[in-house]
Amino acid sequence: MMEVAMSSSNGGTEMSPEEERVLIRDIAIAAEANSKEGDTFYLITQKWWQYWISYVNQEQQNNGNDGSSISANSDSPGSSALKRPGGIDNSDLVSDAALGDTSIGIEIHDSLLEGRDYVLLPQEVWSQLYSWYGGGPTLERKVISSGLSKTELTVEVYPLRLQLLVMPKGDRSTIRISKKETIGELHRRVCDIFYLNSEQVCIWDCDGHHKHALMNDLDKTLDDAGLQTDQDILVEELNSVNGTALGHSIKGTGYADKGATSLLLEPSKSSLSIAGGLSASKSASRSCSTEPSNNENLMSPGRELDNTNGSVGVTTRGATCGLTGLVNLGNTCFMNSAIQCLVHTPEFARYFQEDYHQEINRQNPLGMVGELALAFGDLLRRLWAPGRTPISPRSFKIKLARFAPQFSGNNQHDSQELLAFLLDGLHEDLNRVKHKPYINSRDADGRPDEEVADEYWANHIARNNSIIVDVCQGQYKSTLVCPVCNKVSVTFDPFMYLSLPLQSTTTRTITITVFTCDGSALPSTCTVTVPKQGRCRDLIQALSNICSLKQSEEIRLAEIRNHLIQRFLEDPLISLSTIKDDDRLAAYKMQKSAKSNILLQLIHRRQEQESSDAQRWKPFGAPFVSSILREDGFTVGHIQKIVQSMITPLLKKEGFEGSDNLDASISVAAAKPCDDSSIEAPMECTSNSINKDANCSKVVTSRKRPFQLIDENNACIDLSMEEEKTIELSSSSTSLLVYHDWPPELLEKYNTHYLENLPEVFKYGPVVKKARNEPLSLYTCLEAFLREEPLVPEDMWYCPRCKEQRQASKKLDLWRLPEVLVIHLKRFSYSRSMKHKLETFVNFPIHDLDLTNYVVDKRSSRRQLYELYALTNHYGSMGSGHYTAHIKLLDENRWYNFDDNHISPINDEDVKSSAAYVLFYRRVKSDASSSDAA
């Protein structure tokens, strides 16, 4: 670490905030442009950094930003005269529990987040700030390479923390070391800490209190060795005479001195794979023969070490296989439950217990050089070996984290996401196709579905052929229909599993205010249920039903914003996904009108005080809408009658009846036709004029106001208030804007609260648990999944006939079903920043899941029957839940609960629960005659 001399901030000439800002900016730009592996970065508390940012940017904020100011990750304090910061204080980053442990240096809290708790500064920036302000403590970290390509640079904020145990002395210590350091460096530092002779020490990678692997490849990095934070490392002192261990106090090792010696003499044997091929490690591939051993019973020392966690010392003759649990390594229940379901899939159990290494595809760029398949096969064999001692899946998790970094660490994850990765990864590792041919799929062009489906499947198999495809892949029929030209596109795509929405995720509730345009009723609020991925026509239909709409009536939908109509939802094909939960909608019930009719919009305004001596008219409430026949002509008196009829239901009973003669001022504007926002331009003009334009919104001086017409140029034109005055509109005008000004004395006579506080489409509130009357059927979920629905706007389809992107309707059908059908129940949903878990109980069949009627390919007469044999469960909330698996041992015809390392028998009635998450079904085997008879 470069030593930085601390200078007092009061000594010498103190730089101005602007000078500090410019200097640090230039240093940071230069440093970040030349970042490389091995560079040093420093942690600095976000609190201090944010204050310093505000301090040096205050002149920029006062004078207007020139775009060159340094910005923090969060909002800066809004002070205009900030004092110079004190010394850097990183104490809030430091863990108090580790302050007394000098062997590992300064420890920071385990849960810090960059941008929230700290900022990483290049060494040059830290040195400069430290020279100005001093303080500390100094928290330096190194830049390392990461990722599969080893080309991504990252700052190692949390180096490995390893727990060291010296045997036979029993001394303990903790060490912090970069995962990019070598085993040789770890060996050297261990000897320094415990004052040991390096020639008489061997280091073991430990799993709990069991030896896992000898760490004797001194050039291998700790990252490549698969070490993880808080892992136990056994430091074993050897006898200086014969090189054997001084003692055997580690539980379960079961090794004599000769065994320990052989480990040192023949380390390469530990890399032989139990599958008959090479281990996945690169060093093994260089040092081992590709020929399997002649001795079929030979097991390498490394495998023997693994088996100290397995069946060693357990009497297993006559015991049932397949009842071995998995140790929870820390929030790995999501992985354990998924693995147990795959391991107990009979087709996979047979395949991976045979010699499958010849099918490993090491050339596939989409695969993992066979390492994932080898690791999974090794774990499967150990789980099916005799004995019931729980097995640690740590070796498998290390491989998994290497190829899928999202599953690294000790955070909880989604077991279905892991399952999807495993199935896809195993397929690519075991793909029998070494060189995938390029195949150009032909369009259906009216050909029979059977011909097109078989062609698509043959093309798929030509590129993808593995045990995973054989067992788990089926085929959809996907039909897209263009909403404009009705072009139909049919494709047949493969699937690995079905993700079925639960009922509450297929529909949504929309709250909307209904207005009657003839003044026959007060505005009313209603809530309807519509398909979540439905269209506006679905919402209109639901409203028509609840409003008992007559044949001569129609409903016009509008989005209201700032008391004005933002847009009309006129296209029935508009997706309901464009309507957000915080939108406000109005439905206008009116007589059906011809396209040539004029749409009258009544916008309410009232006086609001702007200063001590001035008031202005500003919109309030929700607008009214009515339809007027163009041939009737438009006079001031005609508009007054329409307005009067619309507001009459709002009149209070104690008020005078119609004697006010609409003693409110009315102003009028005309709008040109355009799309959904056909009134956008004039509304923008009038809304601006309401607030700003002196010509269109003058200070109120009188209760009577003239009409105001907005012409095609958005100019305000005063018209006479005479009732017989005709309002002339151009032939292109489609709407008329009427501004109804409510003086205070008129507001007292009407219930205008019906116009205000338009509810949001959906208001989030506390979750209310409702009693479940009828259980949700798995068949209902499947039907919802197969229902026709429009594509989401982000997934538009390019119509080859229109030559444009279209929001097509999509319909899925099941064409070909796999031997093993995996069904995922979509319990987790995400909206805005909120996450929800659905506890809905789904009634799924354990026996005879009959999908015959859902398969559209009718060439086969056999029934599509499936039987449940495994499922994963999720209990609790999203962030702190727990996964288990229910698995049926087919040989015993009995169900068991697999809860990490604990396995217990359960009854059939205990299999079903509201925690069921991923279901595994096997096709029921039956001969043709029985199928036909059924």
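Here is a short talk about a predicted model and the terms used to describe it.

Author: This model is predicted, with local features needing pLDDT of at least 70, side-chain atom pairs counting only at pLDDT 80 or more, and totals for chains, interfaces and linings using all residues. Residues are numbered from 1 along each chain as its sequence is written, and side-chain values use heavy atoms, leaving out hydrogens and water.

Reader: Why is His-874 called buried?

Author: The relative accessible area of His-874 is 1%. Buried means under 20%, exposed over 50% and partly exposed in between, with a 1.4 Å probe and protein chains only, so His-874 counts as buried.

Reader: Where is His-874 found, and what does His-874 touch?

Author: His-874 is in strand E37 (residues 865-875). Strands (E, at least two residues) and helices (H or I, at least four) are DSSP runs, numbered from the N terminus. Leaving aside residues up to four places away in sequence, the contacts of His-874 include Phe-828, Lys-837 and Tyr-917; contact means heavy atoms within 4.5 Å.

Reader: What makes strands E38 and E39 a pair?

Author: Two strands pair if DSSP finds at least two bridges between them. Strand E38 (residues 882-889) and strand E39 (residues 894-899) are joined by five bridges and run antiparallel, so they meet that rule. Leu-889 stands opposite Arg-894 in E39, and in the hairpin, with four residues between the strands, Asn-893 has a positive phi near 55 degrees.

Reader: Which strands are called the edges of the five-stranded sheet?

Author: The open sheet has the order E16-E15-E19-E17-E18, with mixed pairing. Its edge strands are E16 (524-531) and E18 (564-568), as each pairs on one side only. The twist averages 45 degrees from one strand to the next; axes are lines fitted to C-alpha atoms, for helices over the stretch in contact, and angles run from 0 to 180 degrees between N-to-C directions. Strand E15 (residues 507-516) and E16 pair in the antiparallel sense over eight bridges.

Reader: What makes a set of residues a nonpolar core?

Author: A nonpolar core is a set of buried Ala, Val, Leu, Ile, Met, Phe, Trp, Tyr and Cys residues joined through side-chain atoms within 4.5 Å. The largest here has 59 residues, and Phe-348, Phe-396 and Phe-920 have the most contacts inside it. Helix H10 (residues 371-384) gives the largest share of this core, nine residues. Apart from that core lies another, of 34 residues, including Leu-500 and Trp-895.
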